[in-house]
Amino acid sequence: MTTPTEFDAIVIGAGSVGNPTAYFLENEGLRTLVLDELSASGQGQNKAAIGGVRATHSDPAKIKLCQESIEIFSHWEERTGTDIGWKKGGYCFPAFTEKVEATIKGLLPVQKKFRLNIDWVEADELKRVVPGINENGLRGGTYSPDDGQVSPLLAAESFTREAERLGAVYRYGEPVTSLVMKGNAVAGVRTANGEYRATTVVNASGVNASAICRMAGLDVPILPDSHEGGISAPVKPFLDPLIVDLRPGPEGKTINFYFGQDANGQIIFCYTPIAPISGTNRNSTYEFMPIVAARLVEVIPRLKNLMIRRVWRGLYPMTPDGSPIVGKTPTVEGLVLGVGMCGQGFMLGPGVGENLASLIAHGGPSIDPEVFGLLSPGRDLYAGKKEALK
Ligand SMILES: Cc1cc2nc3c(=O)[nH]c(=O)nc-3n(C[C@H](O)[C@H](O)[C@H](O)COP(=O)(O)OP(=O)(O)OC[C@H]3O[C@@H](n4cnc5c(N)ncnc54)[C@H](O)[C@@H]3O)c2cc1C
């Protein structure tokens, strides 16, 4: 069967953002084509994510979008009958130092303003939330029980299947090589197989997003940096929340270290290097496992007997101010961006997708437009404000 060439919308990238966007566009009745250069859905950075999903950010737009994502992820099985590994175990930021305590307590007012279910819990209570946590120096921490985890692999597959069921057409192994322009408006895309036409093109191409924007003459800086992750063999479930340890690692190379136990009992983990490792190199490093093993055991000593099954290295699509770039481009009609997701594209994906579909179909987002506008492609990306928990 030949693929049709006329669509209402074209999504570039079948990833954390592109798949939910296609699903919600089809829900709005827009005939949608999804193109990906890789051989299957979710094979870009989506599969590198460890699946943490939280609304507890410091940026109002990310809070609102992730609240929508949690709503979607947590009801996905009821909506579609498909298990995507949703586990409502919450997030916990333990504080072992005065500095971390001040940082996370400082974020509480804005988080509470957005009615997030998060609070400071004293050390004794935290020991119940995180069984086996190292009590040495533990001052307490924040706990947000409504956050959770999802399997990025299952989610990509399910969003794709549901989008296709509604009518979306997916084409793999077909990179977009240029945009079809009609004056200042986008009119479609070109691949090695020819032209596809649509008056709306959504750039959801992850770390490749700058290149797609350049095809329309736009300079949108998306700068990849790399992060490693890993997963253990399953162990008996004992840990509900995902843990984020904000202390600098004793080895001097890492900051945020985060881990949790997924719905299968596997411990899944990664960390943020102090000095970002820019570029697209995805070879595993020799230092990741020794550092991460020490940090895991530092937070929960009983994890010393874990058997590690697999490690990997993936990329964050970073922006200069650490916040995503989402919305219509001010200068190219029909070109819509869902890019620069930094380290949170998986959790932002469904909320971004739902809002972009609403923007395209009805002219406005589903969350408060003023809050949505904080992520606008037209903002000054170098204004200096940095997201605290990117
Ligand atoms: C170790 C690690 C752990 C992480 N943990 C989490 C986490 O717990 N929670 C979280 O929310 N995020 C996490 N992330 C971040 C998350 O993986 C990314 O932010 C997210 O996947 C980015 O989504 P995206 O849709 O922008 O890109 P992708 O998922 O990479 O999708 C972009 C797609 O576009 C395609 N593409 C690119 N160029 C073209 C082209 N020219 N033509 C056609 N297709 C094209 C690519 O093949 C790709 O499939 C983690 C990342 C890493 C590396």
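A residue counts as buried when its relative accessible area is under 20%, as exposed when that value is over 50%, and as partly exposed in between. Keep these cut-offs at hand for the tour, and bear in mind that the structure on the screen is a predicted model.

Begin by selecting Asp240, which sits in the loop between β13 (223-234) and β14 (242-245). Because its relative accessibility is 45%, Asp240 falls into the partly exposed class. If you now display its surroundings and set aside the neighbours within four places in sequence, you will find Asp240 in contact with Lys87, Gly89, Gly90 and Gln149.

Next, move to Thr191, which belongs to strand β10 (residues 185-191). Is Thr191 buried or exposed? With a relative accessible area of 7%, Thr191 is buried, because the cut-off for that class is under 20%. Its contacts, again leaving out the neighbours within four places in sequence, are Leu35, Glu174, Pro175, Val176, Thr177 and Tyr196.

From there, select the six strands of the open sheet, which follow one another in the order β8-β2-β1-β12-β19-β18 with mixed pairing. At the edges stand β8 (169-171) and β18 (325-328), and each of them has a single partner strand, so one side of each is left without a neighbour in the sheet. As you turn the view, note that neighbouring strands of this sheet are turned by 15° against each other on average, when direction is ignored. Within the sheet, look at strand β1 (residues 9-12) and strand β12 (residues 200-203), which run parallel and are joined by 4 bridges. In this pair, Ala9 of the chain stands opposite Thr200 in β12.

Finally, step back and colour the protein chain by its division into domain 1 (9-77 + 152-222 + 321-375) and domain 2 (88-147 + 223-318). The centres of the two domains, taken over C-alpha atoms, are separated by 28 Å. If you select the residues at the boundary, you will have 24 residues of domain 1 in contact with 25 residues of domain 2. The size of an interface is often given as the accessible area lost when the parts come together. For domain 1 and domain 2, the area buried between them is about 2200 Å², with 69% of it on carbon and sulfur atoms. How many salt bridges does the rule find across the interface of domain 1 and domain 2? The number found there is 0.

Definitions and conventions. Residues are numbered from 1 along each chain as its sequence is written. This is a predicted model: local features need pLDDT of at least 70, side-chain atom pairs count only at pLDDT 80 or more; totals for chains, interfaces and linings use all residues. Side-chain values use heavy atoms; hydrogens and water are left out. Two strands pair if DSSP finds at least two bridges between them. Helices (H or I, at least four residues) and strands (E, at least two) are DSSP runs, numbered from the N terminus. Axes are lines fitted to C-alpha atoms, for helices over the stretch in contact, and angles run from 0 to 180 degrees between N-to-C directions. Buried means under 20% relative accessible area, exposed over 50%, partly exposed in between (1.4 Å probe, protein chains only). Contact means heavy atoms within 4.5 Å. Domain bounds come from an automatic or database domain assignment. Buried area is the accessible area (1.4 Å probe) that two parts lose on being put together, summed over both. A salt bridge is a side-chain nitrogen of Lys or Arg within 4 Å of a carboxyl oxygen of Asp or Glu.
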